[in-house]
Structures are given as C-alpha cells and as structure tokens.
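Here's a quick briefing to read alongside the model. Have the viewer open and follow along by topic.

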Amino acid sequence: MRTGRVFTLQVALPLALMAVLALALVMATLDSFYRFQADLLREARRDGMALASEIARSAERASLGTQSTLASDLTLEAAGDNVGLIAVIDPDGSVVLASRLAWRGEPAAKVIPDFDDALLQRVVARYAREVQESADSRRVRIVVPYDYHSPEDRVHNLAQGAVLVDLDLTHQIEASRHESLLHLARQIAMSAVVMLVLAWLMRSRVTRPLARLEQASLDFAAHGEVLEPVPVDGPREVAELARNFNEMTARIQQARQELQASAARHTAVVEAATDGIITVDDAFRIRMINPAGAKMFGYTPSDLAARPLSELLPENHWPLHLRHPEHADGLEPGPAVVGVPSLVRGVRSDGEVFAADASFSRMRTQGEDLVTVILRDVTQRQRAEQAYRELNDSLELRVLQRTADLAQANERLKAQEGELREAKERAEDASRMKGDFLANMSHEIRTPMNAIVGMTHLALRGTQDARLLDYLQKIQQSSRHLLGIIDDILDFSKIEADKLSLELIDFSIATVLDNFSNLISDRAQAKGLELILEVAPDVPDFVVGDPLRLGQVLINYGNNAVKFTAQGEIQVSVSVQQLQAEHVTLRFAVRDTGIGLSPEQVGQLFQSFQQADTSTSRRYGGTGLGLAIARKLAGLMGGEVGVISRQGEGSTFWFTARLGRSLGARPMLKPGLRKVEARVLVVDDNASARQVLTEMLHGLGFQAEAVDGGAAALEVLERAEQQATPFEVLMLDLRMPGMDGLELARRVRQMPLLRQPMLVLVTGLGPDEVMAAESAAEIDAVLLKPVNPSQLLDRLQTMLGSGPSAGAADGLGAEPAPTPADPSVTPAQVLRRAGTTRGRILAVDDNEVNLQIARELLRGQGFEVDVAQDGQQALELVGRQTYHLVLMDMQMPVMDGLAATRAMRLLPRCARLPIVAMTANAMEKDRQDCLQAGMNDFLTKPIDPARLAAVVQSWVVPTSDQAADLGSWPVVAARLRQLLSEGDPDVIDWAAAQEPLVRQVLGGAVAEAFKDSLRRFDFDEALGLLQDAGPRPVP
Amino acid sequence: MREVPERSVSWALPVPLGASLGVPDAAPVCPRRRRVLRLAGVVGGLSWLGGLAGCAAPQQPLKVGTVLHPACEFLFLGRETGLLQARETRLVELLSRADNMRLVEEGALDAAVLSLDEFFICRTQRLDLRIVAVLGVSDGADALMTRPGLSRPEQLRGRRIAVVDPSTGMVVLEAALAAASLRQDEVMRVSVTAEQALAQFRAGGVDAVVAAEPWVSQFEALGAERVFDSTRLPDRLLRVLAVRSQSLQAQPETVRRLVTAHWNAVDQFQRDPQGACRLMAPRLRLHHEPFLLQEPSIEQLALSFRGQRLPLAAAHRALLRPGGPFDVAQQALQQGLVARRQLQRVAPLQDLLDTRFLPQA
C-alpha cells in the first residue's frame, strides 16, 4: 500500500480494460463513420448524376420550346435535401435557369460560387460528364452536357450547354458523425459502469482481503503473533493465500510453543538429573552445570559458573583432549553424537578424588562449539561390582558346563527328528509314486495291448494265408490272455491302492446276465457244458450300482467254473437275500459240477496270489488274483463272497451285493403283464435246466410241466390229449440222449393230435446247428441257451400271437451285424437278415483296383455295389437306380468328383443321398472343398476297411426308420462298456454299427472323440467318455 | 449541436476519470478523501458521457418555400446580407404557388411563405402549420382593373374578367362583386397567367383583370382603371410565414433567427432602401421579367412593393390579438371552409399561431 506504487490492482485493471475497450470502440466508430461518409459520397455522386442527367434532358427539350416546365421542375428538384444548387448553362456560359431564380441570364462564372470555367469547357468540348468533389468531401459538383438548340437569330460559339448540380452532404455527414458519437458515448458509458462494477469487485474481493493479509503479516512481523486469523474470503487464489497464511502463522506459533515447552522440559530434566551434566565451551570454561553435577563436586551451581573445567579435575587425570584441546576435534560435532564414554577422575571441593563415568558430546550452537559432559559418580558401584564379579566368576563356570551338556542332547534329538521326517517323506513319496504308477500303468499297458489285439483282429480279416492265420490267431489268443492277466493285476492294484471307485447307475440285471452268458456260453459249449440261468421272480430288473463290476465278479466265477469243470453243467442263480426300502441285497451263485475243493483249499481261497493248489495253477493257468478281486469287489459293493464245495462234487461260489433300488425298478417278471396262459411242456435231460426252465415258465404265468426225455414227452403228450388238456408249446432240448430234439419234433408232428403244439428248440449250439435246426420244417422257433425270462416270454408271446408282434424286431433293422448282445434277436432272424442286402452303394473311381477293393469290402459287409468310372457315368446311374450311398473319387476324367456331386445335388432324388469322398488328398482344404460341394463325409486312401465300414455304417440307413432307438441305449451302452473294459477289438465294429445311436446320445463332439479314442485303441479313454455321458434311463 | 465536434476533442482524455488514477502524493492521501475523489471522477465521467448522449443531433437546414412575391424578398435580402446562414436555412425558390403548396403538403418544406387562403387550404390537408409572422399585408397591391369606361363595378355584369392569382385574386374579385352587388355567376371569370392577362387585355379579350403588383402598374400603364383594390380589404390579404409545428419543436432557434432576419432585413431596407434594392435587384427583376426588355432602374424594380405593407414586429401584437383583424379574417375563412366541408371544424386562434418569436411587449 505504501510502497510508492501508484497503481493498485483495483484501479489499474479496470482502467486498462477500459482504455483498451475505449480504444476499440473509437476505432470501430471512426471506421464506421468514414465508411458511411464514403458510402454517402458514392450515393451522392450517383444521385447527382441522375438528377443532372434528368435536368439535362429537360433542358434539351426546353431549348426547343418553353422553359416554364423546366424552370418549375428545376425549382422543385432544388428543394431536395442534398441539393445545393442546380444551374442550366447555355453555350455562352450564361445561366439559363437555376435554383436561384435571380441567376437567370447572368454569366455562370459570375454567380455560381467556385465556378470552374475550364471544367465547363471540358464537359462541353468532350460532351462527357464530369464530377468534382470538394476537398473536404462534403460537396459534389456534377456537370452534365446537353444539346442546346439555339434560336436561329442568334450565333453561338458552342452547340452544347451544361447542367451543373451541386450536392451538399454536410448535413448528412454531420448527422452521421453525431450518431456515431452518440453510439460511442453510450457504449463507453456502459463499459464504464461495467468497469466500475469490476473495480468494486476487485476491491471487495481481492484488494481488501490482500490488504488485510498484508496488515496481518506486518503485525506478525512486528509482534510475532496474530491476534485473530485473517478471514478466508475472496477469489480462490486470495482465499488460498489467506488460508495458507493462517496455517503458517498457526504452525509458527505452535512450533514456538513446542520449542518453549521442550526447552522447559529439557531444563527440568537437566535440573532433576542425578547425573552431573556440565557444558563447557571451547576454552573448557563451564557454561552450565546442573545441581547434581555441582553437588558431585561439592559446590553449588553458581559457584562453578564460568570457572575452568580443569579446577574440577586432578591434573594428572585430565582427559587427553583437555590437556590438548586440539584433540577434541576427534569428537564428532552435533548435539546428538555422544563421544567416547570413559572413566574419569574428579576432585571434590574437599580435595577428594573420585571416579566417574563420563560421556562427552559435542555440539555447535550459534557458531560456538560446546562440549557437554555427563558424569556419574561410580565410586559405590565400583565397589559393588567388584564383589559381584567375584561371585559370578564361579557361577558362570557351572552354568556353562550345563548348557554345553544340554546343547549336545538337543543336537542329537534334532538329528533324529530329521531322519524320521525324511523317512516319512520317502514313504509318502513312494506311496504317491505307486499310485501314480498304477494310474499310468493302467493306461500305458492297456493301450498298446488293445492295439495288438485290434491289429491282430484286422490282420486276421485281411489275410487268407493259413499259416499266417494260425500265427495271428495265436497272437490274438496270447494277447487276450496277457490282457486278462494285466487287467487282473491292475484291478487288484487299484483295489489295493483304494483307487477303484464304483459307479452308481441304473442298470438291468438281465443285461448283466446276458453279457455273462454271452461270454461264458461259447466256452461252456466248447466244453459241452450246460449253462443254466436261474433268476428268482422277485429279483428287480433294474437296480442302481456298477453293472461292470458286478459282471466282472460273475464272469470271474463263471470262468473258474468253466475252467475247472470237465463235464456237467454250470448254473447261475440270482436271488433276493434282503429287501429294504432303498436297497436290495442280491445273492449271486455260480454252481458247477467240477473238481470241487478240499476244506483246506477253501480256506486259502479269496486270498491274494493264492490258488487252490499250485499244481492246478500250472494245469489251469491264471494268476490267482481273480477271486481276491472278486472278494474286494463284493466288499466294495457291500457284500460278501463265499464258496460251498466238496472235493469231487463241484463247487458253488457265491457273492452278495447291496444294490440301490431303481425308481423304475420292477421285478424282472411281472406276472400281471402276461396274457398268455398256455400249457408248456419242457423236455430236457438235464435236471437243473429242466427245473430252471419250468420255474421260469411258472414265474411267467405258464402252466409248465417237465420231462427228462423224448419218450417221456411223447407219453405226457398222449395223456394230455386224452385228458383234453393239450400242451400248446413244447420246449425241446436239442441234445438229449436217445432221442434228440429234432427226432422228438418229427415224432410229435406225426402224432394224431387235435392241435399240434408249437415246437421250440432250445439249444446252446453254434450257428451251423441252429441253422440246421431251424431249417427243419417241424421247428417253429429256436431259443439259444441259456434262456432268460424276458427272452422266453417274448418268444412265447410272439408265437402264441398275443405278445409284441413279430414286427417288434423291425426296430433292429438298424442293427447291421449279428449282435449276440441283443437279447431279443434270435439267431435265426440274424442269419436270415445276413442273407439279405443291406443297401445299394455306388462306388465311383477311375482306378479299377480301387473299385475292386471297395466292391469286395462292401459286398463282404452285405451291400450290393455298382461301380462307375467317372462322374458322368455316376450321374447316369443315380438317375436310374436308387442308392443308399455313393463313394466318390475326387479326381477323375470326364467329370471329377466335385462336379459330379454338385450335379447330383441338383437332382431332387439325390438331394439327401449320402455322398462320401474317397481321395488321396488328406489336406483340410480338400475336406472343405468336398463339404462345400455337398458331400457328407470324407475317406482318405488307401482305404482302411474298418474306416470304410464305419463310414458306410454311419451313412447307410435303411429308409424305413432312421431315428436311432434311444430305448436300446442302456443295452448298447452296457455292451460297449463291457467290450471296452475287456479290450475286445470287436468294440470298434460294434460301436461303428451303433454310431447313429452313439452320436445321438453322446452328442457330436463327444461321439467324435469316442470314435477317435477307439481308432487309437485307447479303450480307457473311450470308456471314460462313455461313463461321462452317463446312463440313459429307459424311456 | 455544434458543440459536438469540440467535445469530440475532449473525450480522448476525460479529466474526471483521469483524477481517479491517483496522482502519487508524498504524503498518504486520506482514504476517505481518496474515495470521494474517485467517486467524483466517476460521476464526472458518467455525466460527460450523459451530456454527450443528450446533445441534440445536427439539424437539417430549415427549408423555406418562397414564391415570387414582394413579401418574400426581405428573406432573400437577409440571405444576401448574411443574416441567414445557408447551413441553417435554405430558401427554396419556387416559381408557382401550387408547387409551393405541394411541397409543403409533401413535407419537403419545413416552412413556407403563404397567403392566408393558402395557409388554410394547407390546413385542410391536416397539416399542422403555425403562423410565426406576417410578412406582408396587401394594402392596394391587389386590384381589379378594368378597361377604360368600365369604371363602375356594376358595369362588369356579363363581362370577362381575368384572374391571375386564383387564391388572392378570387378574394379581391369576390369582394369587388359583393361591393357592386353582383353575383359571381353574373361575370365570366377566366384564369390566366399574368402574361396571358396582359396580352388578352391588350387584345381586348378580357374586360377586366384581377392582378397584383407589379402587374397592376403594367395594366395602369395600359390605361386600365383601378376599380377595386385591397385597400378595401384591410388586413385581409396577408402573406404569412407558416412553419410546420414539428420543425417549430425541433428547430425553434432557427425559426427565431429566420423571423428575426426578416425583420432585420426590413429594417435595413428602411434604413437604406437604395442599397437594399440594389441587393434585391436580381430577384426583383424576376417580378417584372415577362415584360422586362431592358435593364430596369431601381425605382422601377421597387414598384413591386407598391401597395404592400410590411407589418413590423411591434405591429403583430395588434394584428394577431384575439378579435383583431387577423382573428376576424381567419374566422371568416375557416367558417367558409367548414361550410364547404373542406375543414372539419374551426380551429381556435391559438392553434394557428406561434407567437414565441415575436418581440415581447
């Protein structure tokens, strides 16, 4: 404020703005004014010219006649605002007419102000108009010539006159200037008001707060404190400044108070200290000594003020730096740094010399080096220490001794603990590695084994060389054997390692039994053994559990039974041991008529790596693990195993399994369903078989009787005829001593019976015999042993005309290959079917060899095959013949595969015809090309028969029913699982045959993965995919 | 309004605002005083600006319509002698009375020298004209002249009478006929120009002429007898200076100077008639022009003023007072116009006059 600067912000800023604004306004005003003036002038010239021209024309006319009109016009025109004067001048230079009447007849040069005769002469001479502007641009003079028609009696030196018009713009310019100024004044006034407001705002919001701030800072500088904080207001910057100022002063004041408090505390500490504190200057004069210090030396603090430190020390005990002050530099400067503590000697006022601990610190304050000594009188302490030291010396020795002993013991313990931990880790590692190993082994061993078995299977199909066939068959047998052994070992290992977990799925007991019989029956028949299945009526058809493992135990028992039975029969019976709300405990028993077991042998059974007799082991082979696995599996299924046997009298191996009750569970045989109450006669020489079949028939609601041979049968038939209770069905065992089934059949047919019974041949024989039997005219049906109840019921119902129609088997039309797994297919049907064509295929290839291969392969699979050499031929053929599939080579003469495919797709009948490419090109692009051309699939050459079969299988669908029968899925899935777990290479063909169903159930991606794993013989992976897909409930 | 350019110099550095800059003082200025100074500066600046805004705009010169009539000539004398500034007043010289009235009616003129009849005719056009001065009174200048031998007005019955100035001339004729107890339809009236009248009178085409000076003198020179003249109509044939009330409001001072110039010119004419006449000669010649073949003398030119009375400023009071000669005349005229439905109503005297420019009593 008082710095001598004149301009304050609040004045200078608005004034500067005002000045700039005013300047701008003045410039704008001047600009517009001069612009206006120029416009005015331009307009005046134009108007004046027009006016002068008008007058000139009038003057021309007037010179011919009367002037009165012109005179009147002229005076009227002269009344115009800007018109200064108008004069019509004749060639003599006299005024003819003028706005001033008095100028008439006078020489223009005389009366017209500023008249320029030269101008007039120029205008007249050139006959061109002239415009003159006055120097101040306020007047315009326009001179326009006109033709002067002179009266004859007069002589003129010029033929032209002139019209002179003066326009005076003074008033308009003045008015415009006035208007501009007025406008400017208004704008400046408004600006001034705005500036005043701005100045006021500046003052109230900026300069006043700044002045307050300035005053406050002056006060603070003068008095060191601010009574009250500066108000925080004004614009943000100013407010911020004020706030910061307030904070700053507050902090300074606070810091000052803290400083004072700190000084006071410090003084109090020093005063109250029991140690002596002495501060000396660089001349070692005492600057400060606290009461304790003074007392230590026997003085009061005031006695010692400014005295030399040396007075308090015996001279010979002066520290080095006191004797040689230059050594004091060795002390680090700074208040916080404590110098070397040392023991010094002091001298009291009475002359006593005493010891004291002294620590020195050096500090520099206000340019002065000060040394502070803290002294502690240690006379008493030294004495006490001496006494303690002596006592300690003896104690310490003992403690050290004991400690060393303890440490040694501890070390030993630690070493032992480490060893233990290592051992434990090694054990755990080993266990983990074993587990991992097992998991890996399962896969690593099985996959190559599957490949060996599978390849052998394929090789067997591909060769006709007898010797090679023999080798291959042996390889296959050995491989299967090895696979079985490995499976056993792995299963056992898994069980041992607790790595085996059981599935919990809905499954059918019947399916398990079917699988069992399918596996065992071949071998049983090969040994001439009768296989009998007996299922108690109350056994539920569907249960929840692991069908695979259940079957495994059963098969194990069955294999043993076959193995150890030379002749007789093998009977499998299933019964309910315990029925609960949610569980059912089933008892499975496999009885044989084999060598039997001694009590000792029984005791050793079911133990790992044990067989009844090592000699049997050598004779019958086997790992001795089967029963151990069975025991473990049964245990996992919540059941037990056991054997009842007597040497030489056969054995009965049994196990129980606790299974979940399926929601859809129903007894396998539901009497309520039956509609047929026919009388059935069972003829079988085998008592067990007879009994089982009879009971089964009873269970199904039939009236069954049984006889043991042909003669007895004939008798019973005759008696029944007499009693008018004839039998509707005769079930004949094929092989019976004396009179076999076929012979009996012929006899029956020859009997004079009122009504011939249906004759069902029951046999466990191979297809050849079955075919022979069926071809026999007498036989109505053939049933394969072992007979299961549902199969039996279906067959009888069909025969008696009240069950599912014979057409029920049509759903199996999609089943291309004889599938013994299917419970409702009778061999006769299968065989019949095998004789018929499965479809017609067109193979298109320009290579004769390839065509040959394709033809042979496909015919072998039961297809009719036509061939074409190129696309054009193929196109003609599809036009004439209906095909189920076209195999199309890609590169051919005349018309290639892609073109042919496109052409075929245009034919309505071929819109949905499956077309499969055969090509040597295995690139992805080729595949894309094929698919884009409209092909459905893709086969790479050389043609792999299995792949060909699979592809053909997946595309050739008999027209009747394309949709896969979902209902058959549980059966199919169970069969697949079984085949996979057994590593049977047939699974590949089997899965290919079921591809539509598999694809439908598993979904495209999983089905592909499934197929892929099969191709790699990785059956474990395939099994896993199948398990993941889960069971499908029976619809 | 002429102050504007002068002010325009001063606004570049407005002194009052300059005061607020605060001249550095050796001693601190008392804050209160400083504030007062600043306030004064601001107020001064604003009032300057306000004054500027309030200043009147430059005025268009007052245009005054004139015809060739002796009463107008003193205005021209005023112009010649510099009493009238061209910047302020422009005398528009018109040849015909009709043009004069037309321009007044069109608004092209701010003021005009009119006969009283013309004045009222203009007012019938709803023009708000006010009379500011009476420039001349015909006191014998307008006369009815007859052929020799027709010295009595009664003898005019059935005669052809030429009337030069339709407005004034008709007043004189009507008065003359009334004095002779003749009806207007008992004479044949012919409207002609002065030149035609002169020619027809010579040729005997007309028996009488109603004209004004200097024509009257011309007819007298031809032997015509003055049967009736405006001396018989005192204060009836007036030449007035009429100004649009709008201009009166906008440029009162200009009007004042115009009126003053007229009287000053009359004054000068009285003091130096010869000198004045010489200055007036170029225009006075015009009055004589149609028949003027040679350079006339000043005396001849001064004939124009014969029979013309110029009421001075002082005379106006008596002339224009309510109930005075002017009042009587105007009332008679207005009533006649109202009767002919040319005027809606008779305007009061004060609505016709603006006496501000007359010298105070």
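How many salt bridges are there over all chains? The count comes to 59. Keep in mind that this is a predicted model. A search for disulfides over the whole structure comes back with zero. The points below go through some of the charged pairs, a sheet region in chain A, a surface patch and chain B as a whole.

**Salt bridges in chain A**
- Arg138(A) and Glu174(A) make a salt bridge, with 2.8 Å between the closest N and O atoms.
- That pair ties together distant parts of the chain: Arg138(A) sits in the loop between β3 and β4 of chain A, while Glu174(A) is in helix α5 (residues 170-223), 36 residues apart.
- Arg138(A) counts as buried because its relative accessibility is 14%, under the 20% cut-off.
- Glu174(A), at 18% relative accessibility, counts as buried too.
- Another pair is Glu705(A) with Arg679(A), whose side chains meet at 3.5 Å, N to O.
- This one also links distant parts of the chain, with Glu705(A) in strand β19 (residues 703-707) and Arg679(A) in strand β18 (residues 679-683), 26 residues apart.

**Salt bridges in chain B**
- Arg226(B) pairs with Asp229(B), and their closest N and O atoms are 2.9 Å apart.
- Arg226(B) is partly exposed, with a relative accessible area of 29%, but Asp229(B) is buried at 11%.
- Both belong to a network of salt bridges that links Glu213(B), Glu220(B), Arg226(B), Asp229(B) and Arg306(B).

- Strand β4(A) (residues 139-147) is mostly covered, with seven of its nine residues buried.
- On one pairing, β4(A) runs antiparallel to β3(A) (residues 130-133) over four bridges, and Val131(A) has Ile142(A) as its bridge partner.
- β3(A) and β4(A) form a hairpin with five residues between them, and Ser137(A) in the turn has a positive phi of about 60°.
- β4(A) also pairs with β5(A) (residues 160-168), again in the antiparallel sense, over nine bridges.

**Nonpolar surface patch**
- Leu9(A), Leu13(A), Leu17(A), Leu210(A) and Leu241(A) make up a nonpolar patch on the surface, with about 380 Å² of accessible area together.
- Helix α1 of chain A (residues 9-64) gives the most to this patch, namely three residues.
- Leu9(A) lies in that helix and is partly exposed, at 43% relative accessibility.

- Chain B holds 15 helices and 11 strands, and 51% of its 361 residues are buried.
- Among its contacts with a separation of 6 or more, 79% are between residues 24 or more positions apart.
- The accessible surface of chain B is about 16700 Å², with 53% of that belonging to carbon and sulfur atoms.
- Arg79(B) is in helix α4 of chain B (residues 73-80) and is buried, at 16% relative accessible area.
- Leaving out residues up to four places away in sequence, Arg79(B) touches Arg100(A) as well as Leu84(B), Leu91(B) and Glu93(B).
- On the cysteine side, Cys930(A) is buried at 0%, and Cys122(B) is buried at 0%.

Conventions: Residues are numbered from 1 along each chain as its sequence is written. Chains are lettered from A and ligands numbered from 1 in the order in which they are written. This is a predicted model: local features need pLDDT of at least 70, side-chain atom pairs count only at pLDDT 80 or more; totals for chains, interfaces and linings use all residues. Side-chain values use heavy atoms; hydrogens and water are left out. A disulfide is a pair of cysteine sulfur atoms within 2.5 Å. Buried means under 20% relative accessible area, exposed over 50%, partly exposed in between (1.4 Å probe, protein chains only). Helices (H or I, at least four residues) and strands (E, at least two) are DSSP runs, numbered from the N terminus. Contact means heavy atoms within 4.5 Å. Two strands pair if DSSP finds at least two bridges between them. Accessible areas come from the Shrake-Rupley method with a 1.4 Å probe; for residues, only the protein chains shown count as cover. Patches are made of residues with over 30% relative accessible area and no salt bridge: like charges are joined within 9 Å, nonpolar side chains (Val, Leu, Ile, Met, Phe, Trp, Tyr) within 5 Å. A salt bridge is a side-chain nitrogen of Lys or Arg within 4 Å of a carboxyl oxygen of Asp or Glu.
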